[in-house]
Amino acid sequence: PFDVNDLVFQHLSGKELLDSTLVSPEWNYYLNRSPILKKITLVLPNISENGYLYYLMRSTRKYRNLRVEDGSRIANEIVEVVANPYHKFNNISISRTEFFLKKQIEQIILNCCLSIESLTLDCVTFKEKIEDELSTSYDFPKLKNLHLLYAPRTPPSINKYFASFNS
């Protein structure tokens, strides 16, 4: 049945929805179980201040959308946020981020490959030298959009590595 709450909440922004969870335990309970939570896009590292990142790593909310911009300084935390079993991300966009190890991006892919519908990796690089392709192959049953945009002056091995996602 259609709920009047849904009618009201559908007109709120993502931030307003999160603020609404603080109104009362009942609103928090309702919103945490509502499909309206799909409307929220987590933007990192913008929310990495004041313990939010730590909270997201352990949150039981079912977030579906993640956007990372200039996330090099929080690469490990990005992996942990995606690894949270409550988050079943449908849309992930990571841009201008340098990971320490190839393994970090593989952990992100492993944790989201079954639910991901849109994946964008824009100017994502690694400090680790990459000699090979993916360590394993992944199945993306729901993937509709894959965008791989290479960083200028990216070593060919990294471009080859990301190209192996298309196979």
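This is a predicted model: local features need pLDDT of at least 70, side-chain atom pairs count only at pLDDT 80 or more; totals for chains, interfaces and linings use all residues.

## Aromatic rings

One aromatic cluster is formed by Phe9, Trp27 and Tyr30. The structure holds two aromatic pairs. One of them joins Phe9 and Trp27 in an edge-to-face arrangement, with 5.4 Å centre to centre and 90° between the planes. Because Phe9 belongs to helix 1 (residues 4-9) and Trp27 to helix 3 (residues 25-33), this pair ties together parts that are 18 residues apart in sequence.

## The buried face of helix 5

Helix 5 spans residues 75-83, and its buried residues are Ala75, Ile78, Val79, Val81 and Val82. Viewed down the axis of helix 5, these buried residues fall within an arc of 165°, so they line one face of the helix. In an α-helix there are 3.6 residues a turn, so residues three or four places apart point the same way.

Several elements take part in covering the buried residues of helix 5. They include strand 1 (41-44), strand 2 (65-69) and strand 3 (91-99), together with helix 4 (52-58) and helix 6 (102-112).

## Cysteines

How many disulfides does the structure hold? There are zero disulfides in the structure. For Cys112, the closest cysteine sulfur is that of Cys113, at 6.6 Å, which is too far for a bond. Cys112 counts as buried because its relative accessibility is 1%.

Terms used:
Residues are numbered from 1 along each chain as its sequence is written. Side-chain values use heavy atoms; hydrogens and water are left out. Buried means under 20% relative accessible area, exposed over 50%, partly exposed in between (1.4 Å probe, protein chains only). Helices (H or I, at least four residues) and strands (E, at least two) are DSSP runs, numbered from the N terminus. The arc is that of the directions from the helix axis to the C-beta atoms. Contact means heavy atoms within 4.5 Å. Rings of Phe, Tyr and Trp (its six-membered ring) pair if their centres lie within 6.5 Å; planes under 30 degrees apart count as stacked, over 60 as edge-to-face and the rest as tilted. A disulfide is a pair of cysteine sulfur atoms within 2.5 Å.
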